[in-house]
Amino acid sequence: MSRATVATIHLGALRHNLARLKALAAPAQVMAVVKADAYGHGLERVARALDSEADAFAVAALGDGLRLRAAGHRQRIVVLSGPDSASDIAEMQRLQLEAAIHHDVQLQWLAGADAARGRLRVWLKVDSGMHRLGFAPARVAEVHARLASMTGVDPEIGLLTHFSDSEVFGGGQTAAQVACFNRATQMFGGPRSLSNSAAVLGWPEARGDWVRTGGLLYGLSVVEGSSGEDFGFRPAMTLSTRLIAINRIGKGERIGYNGTWTCPEDMPIGVAAVGYGDGYPRSAAAGTPVLVGDRRVPLIGRVSMDLITLDLRSVPGAKIGDRVVLWGPELPVEIIAAQSATISYDLTCGMTRRVLFVEDEH
Ligand SMILES: *Cc1c(COP(=O)(O)O)cnc(C)c1O
């Protein structure tokens, strides 16, 4: 048998999640964020599943926009980091991609744009307090005027900002960022975009004209202590493998690298064919739940490159070849992320090339 580790992508869940996002965000439109290979689910696969239902796509960089156009998608595509070089401008015009503009160096490149190649749609990115990308609020008027004067730029200039803490519902940081953005942009027309997934759930005052949602599209939540399912979204990935060994190990014996777990009694230890070489987190703590058949059993010992070890005391009927689920609809990936000191996005983005991807319509 070939490699056992399989990521099943649930196309029906993707469609359900987009429909739910559109309903929640209305009347705002939805940019389906498909950066990082659609959060590890596969860019072309996800775009094909959503296609005409997505009002627009958002990607991190030009190369992903090129892949979407090559796959035949005709809708608006926003490049969230904008051009990375002067030569990107002509390429973005050719592909009719829209550029977030966050830095003076991009203004210089844009000023050299050849208007004969078509007017580039741009989104002026405002740094309302995250301090990653964007122009300071005090510079928005000047930058807006400069963009408006450029012949290679479409006169309808969008306004965009990004939140650092929107999963903290009711928190002061997001309220301050909304107020800052509104103050800095109130004198301008043009479409506005503020919200990521968590903000769609918790910050209705930040709807604007377009929301930019990634996580919830894949059924993933970053709201502490909750899964996407708690908000009516469905997980779009199941990661599964098989049990390849069951061994009886004696009381007091140590399991795995560095013997971080010791058997409290004679007991069955299951070995499943998945490890950090597939993207299962090496940081997953002992006790992290894993599904064997329909039973949750605890991970024990260190996650290694190709294998994990499981406490099978509660599943006496377990057999070699049994299906093992690492995360999916029956075992929220948010639980695994919390046990691994990370977030769900990090896990789905981390699938490696040896994982076999398959699709189902559910
Ligand atoms: C990744 C990203 C998003 C989407 O965030 P989610 O939490 O996945 O919805 C939106 N806007 C920008 C600028 C981003 O980088």
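Leu-11, Leu-14, Arg-15 and Leu-18 of helix α1 meet Arg-45, Val-46, Ala-49 and Leu-50 of helix α3, where contact means heavy atoms within 4.5 Å. Helices (H or I, at least four residues) and strands (E, at least two) are DSSP runs, numbered from the N terminus. This is a predicted model: local features need pLDDT of at least 70, side-chain atom pairs count only at pLDDT 80 or more, and totals for chains, interfaces and linings use all residues. Residues are numbered from 1 along each chain as its sequence is written, and side-chain values use heavy atoms, with hydrogens and water left out.

**Helix packing**

α1 and α3 (residues 43-50) pack at an angle of about 60 degrees, and their axes are 9 Å apart. Axes are lines fitted to C-alpha atoms, for helices over the stretch in contact; angles run from 0 to 180 degrees between N-to-C directions. The two helices, α1 and α3, are therefore oblique to each other. Oblique covers what is left after roughly parallel (under 35 degrees), roughly antiparallel (over 145) and roughly perpendicular (65 to 115).

**Cores**

The largest nonpolar core has 105 residues; Tyr-280, Ile-308, Leu-310 and Trp-327 touch the most other members. Helix α1 (residues 11-25) gives this core its largest share, 6 residues. Domain 1 (11-220) and domain 2 (237-360) each supply at least three residues; the domain bounds come from an automatic or database assignment. A nonpolar core is a set of buried Ala, Val, Leu, Ile, Met, Phe, Trp, Tyr and Cys residues joined through side-chain atoms within 4.5 Å. Another core, of 6 residues, lies apart and includes Trp-261, Met-267, Ile-269 and Ile-300.

Beyond neighbours within four places in sequence, Ile-308 is in contact with Gly-270, Val-271, Ala-272, Val-274, Tyr-280, Val-290, Leu-299, Val-303 and Leu-326.

Buried means under 20% relative accessible area, exposed over 50%, and partly exposed in between (1.4 Å probe, protein chains only).

Tyr-39 sits in helix α2 (residues 35-39). His-131 is in the loop between β6 (122-125) and α7 (140-148). A cis peptide bond links Ala-26 to Pro-27, with omega about 5 degrees. Pro-27 belongs to the loop between α1 and β2 (29-33).

Glu-229 is in the loop between β9 (210-213) and β10 (237-249). Glu-229 is partly exposed, at 39% relative accessible area. Leaving aside neighbours within four places in sequence, Glu-229 is in contact with Pro-235 and Pro-329.
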